[in-house]
Amino acid sequence: MSNDPTPQSGSPDKEPASEAQAAQNALGNTERAELATEPNTPASKPEPQQEPRPSLGRLFIDNLWAANTFTVTLLSLVLAIVVGAVLMIISDPAVLSTYSYITSRPSDAINSSWTLVSEAYANLFKGSIFDPEAFAGWLDGTNSWQAVLAPISETLTYAAPLVFTGLSVALAFRGGLFNIGAQGQATIGVIMAALAGFLLPLPPGLHLLVAVLAGALGGAIWGFIPGILKARAGAHEVINTIMLNYVATYFLTWLIVQNGVQDPNRTDAISRAVDTSAQLPRLLGDNLRVHAGILLAVLATWAVAWLLNRSTLGFELRAVGANPDAARTAGISVTRTYILIMVFAGILAGLGGSNMVLGSTASALTPLVVAQIGFDGILVALLGRVKPWGVLLAALLFGALQAGGNRMQSYSGISLELVTVLQALIVIFIAAPALVKAIFQLRAARAARLQTSLAKGW
Amino acid sequence: MSTMAVPDIAVAPVRKGFWTRSRKVGLTLLGLGLLAAVLFGALATEQEARFTLSDDAAGAALEINGTIGAILFGIIAIAAGAALLAGVPKRWFLPVLAVGLVGFVLSFLCWQVSAAPAGQNFMPLVNIIRGTFILALPLIFGALAGVLCERSGVVNVAIEGQLLMGAFSGALFGSISGSVWVGLLAAALGGAFISLLLAVFAIRYLVDQVVIGIVLNLLAVGVTGFLYERLMQTDAEKYNSAPRFSNWEIPLLRDIPVLGPALFRGNIFLYVGLLLVLVIHIGLFRTRWGLRTRSVGEHPIAADTLGVKVLRVRYRNVLLAGVVAGIGGASYTLALYSFTKNMIGGKGFIALAALIFGRWNPTGALLAALFFGFADQLATYLGAISSSIPSQFLAMLPYLATILAVAGLVGRVRAPAADGKPYIKG
């Protein structure tokens, strides 16, 4: 993604390009986009001082209101929050009724709207990052330090699986494939991880390792299928991954109620629980849910970043993503690369699945054990600009929204669905930077073009 | 599928040797037939398998001994497979394949029905046909929305969102106004709203169409779920009690045996859906609008050269698609159920599958939707006669069939050439 300067050139079959071109395209784009991710620190990239250049402060101000990645992301967030507020207001009959006499007493409408919206968003913040009351309580000695860290712990817990699925989607994107199947790959990953978790009698440590890897293997299998179909039969991966998502879901609902899998003490659809020896250890004591999954997620981010930017395979992958024809001319096996991309994407999504059942979110298979991590992963990848570290940050933001959304629901009575709306809106605005640019009258960006377009169609 | 930027692997090589696609399909069918004749024949019981021409066990019925039926229909499938293997003229390929597959399905049914618990050895055909059509209904509307969109070159992955928004706004405004017609209008506008977003972001802002489609689905799930919890759950009486279209029996047609009671004695949306298939088919292939739509979807530059307003055609078609899908959503809330969170539950994606399986053609989409609806209905039926086949595997059938179709095993499917490619005038 983002490798074609204009969407029209997304049909590279018309352009006989060389390896050098493809490579330059891929690399040049990476650099350009990387420049854009740190727009506020121009000092960190000293350039040759040949021309007189404006002062740092001037540059900073200029860049702040330009359509670069950082500003667009931030303003997309703002826009999403505003739309969310509007939704809250129009769905609250009590507040809405104050608008019927807004001309005579505008203060009523403004005050009630402000109270509703500010309380909801304050709870979103308190549930995800920092709760001043818990902090004060800790100083007074009325609650433990754990209460202070609870919001962060929740955020990290929700973020960990999203990092994996986000990386899965992002990796495929870089290779020119759209992996909508992270959901299905995570589902098979969950199944394999859980089966390894309660069927294999293994010593602690080894058991955890095997269970995590089993999840990865499950994802790899489910990624391999669309990969080979794409490479050998030209079947579009978008269609196949969508279909495989449903196949995986039905397989899960079937498997749960089979003998040996279903919890023998239950009649509803829930499997046996994963042995404690196969569970990811908690990091901050038993009261806080954050577990070692987030560490694995950081490790995976580093690994994917290394793979993409430093390894031969990563180079080939980006070359194929930029221009498959040129890559083939240069001697890269496109078929092999496509299969590998999908297998790696599957492994990552499968690890996300392991996280769901071996971590603290759930310890047994249920029909909804995977939640929406695969679909959220698509949003995370787009928000993270399909870059590994960007994906990590985006997953943290989404994790925070999820964690805060829980508190918003229980304290302010605002449905958790608002979080889905916010997430979707953020990505919509990010995907259309021209819209954000127009709304806020931003200057044209100095460095980066924002393109979230594969522009390929079926 | 062959429009990918990777021509040499995207286009399956034309095999000139003995193993043509037709022969491979024949071999597969032959294997299926053998499986049916031997396995189903062995598993079926000597019970009569009755296919009653009514809603229950009563009335006239087609009867056949379970074992004999399973073996007989299996042999039909074998014969069809053998014919394909021997080589038939190209135009005979599809009919022969259809006969073979029907034989396989009937053999399967003979086994299942005859092996059902005593007293349940019957299959009420009227009930099955009606159920098939009702379950296929959202798929028909959804797939037609896909046809309208994609024939003009805009990929519509947002069918799910359009159906959902249609169902939601139909329920909401139908309840508030107390009128089905207001509800229907609102449903159409709700679907068109998602379509509008799709059109603006895909055509104006050149966002990748699959990406925006997926995101719009999530947006629709979020917005409708949020408003459902805030409004409909707190005051269902006021916001979620939409009036429903009353049944409408078509004179004459209602008296056709089997089909009459199954199709022409009730659901208005079914008539609308079938009519729309006809209208869109004729429109697409027989009118000026259709020609322009198809030309914009296949070769926008050429169309532009000839004076067709490419972007305008696309905007109009995408909006129309939203209207159609919105009405499809209303077929839930203004005829059958009250609104619940995420009530479309993936039907939009099966509709997408039906669209692809039906090769971007309204009639093909209808047949695919009916096939998927039948699989769905069959799963329900088999559950009711406590069959040994897990319903989940039947539920997978549409998705697996689509994968096979896309992989070129059931014939090549080809999307409109410019599908998904934004058009920039210049």
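This is a predicted model: local features need pLDDT of at least 70, side-chain atom pairs count only at pLDDT 80 or more; totals for chains, interfaces and linings use all residues.
Trainee: Let's start with confidence. What are the ipTM and pTM of the model?

Mentor: Both are given as numbers: ipTM 0.85 and pTM 0.85. For chain B, the mean pLDDT is 86, and 95% of its residues reach 70 or more.

Trainee: Where in chain B does pLDDT stay under 50?

Mentor: Over residues 1-13 of chain B. The model has 40 contacts beyond four places in sequence for that stretch.

Trainee: Why is B:Asn217 called buried?

Mentor: A residue counts as buried if 20 or more other C-beta atoms lie within 10 Å of its own. B:Asn217 has 24 within that distance, so it is buried. You will find B:Asn217 in helix α8 of chain B.

Trainee: Which residues is B:Asn217 in contact with, leaving aside its neighbours within four places in sequence?

Mentor: B:Ala158, B:Glu160 and B:Gly161. As for B:Arg230, 13 residues away in sequence, its C-alpha lies 20 Å from that of B:Asn217.

Trainee: How do you know that the length of helix α14 of chain A agrees with what it should span?

Mentor: Take its 25 residues, 334-358: at 1.5 Å a residue they should span 36 Å. The end C-alpha atoms of α14(A) are 36 Å apart, so the two values agree.

Trainee: What makes α14(A) mostly covered?

Mentor: The count of buried residues: 22 of its 25.

Trainee: And how close does helix α9 of chain A come to its expected reach?

Mentor: The 28 residues of α9(A), 206-233, reach 39 Å from first C-alpha to last, close to the expected 40 Å. After α9(A) comes A:Gly234, with a positive phi near 70 degrees.

Trainee: Now the nonpolar core. Which residues touch the most other members of the largest one?

Mentor: B:Leu144, B:Val215 and B:Ala354, out of 279 residues in that core. Helix α8 of chain B, residues 209-232, gives the most to this core, with 16 residues. At least three residues come from each of domain 1 (12-115) and domain 2 (126-406) of chain B.

Trainee: What is B:Ala354 in contact with, beyond its neighbours within four places in sequence?

Mentor: With B:Leu139, B:Ala143, B:Ala365, B:Ala368, B:Ala369 and B:Phe372.

Conventions. Residues are numbered from 1 along each chain as its sequence is written. Chains are lettered from A and ligands numbered from 1 in the order in which they are written. Helices (H or I, at least four residues) and strands (E, at least two) are DSSP runs, numbered from the N terminus. The expected span of a helix is 1.5 Å times one less than its number of residues. A nonpolar core is a set of buried Ala, Val, Leu, Ile, Met, Phe, Trp, Tyr and Cys residues joined through C-beta atoms within 7 Å. A residue is buried if 20 or more other C-beta atoms lie within 10 Å of its own, exposed if 12 or fewer, and partly exposed in between; C-beta atoms are placed from the backbone. Domain bounds come from an automatic or database domain assignment. Two residues are in contact if their C-beta atoms, placed from the backbone, lie within 7 Å. pLDDT is the predictor's confidence in each residue, from 0 to 100.
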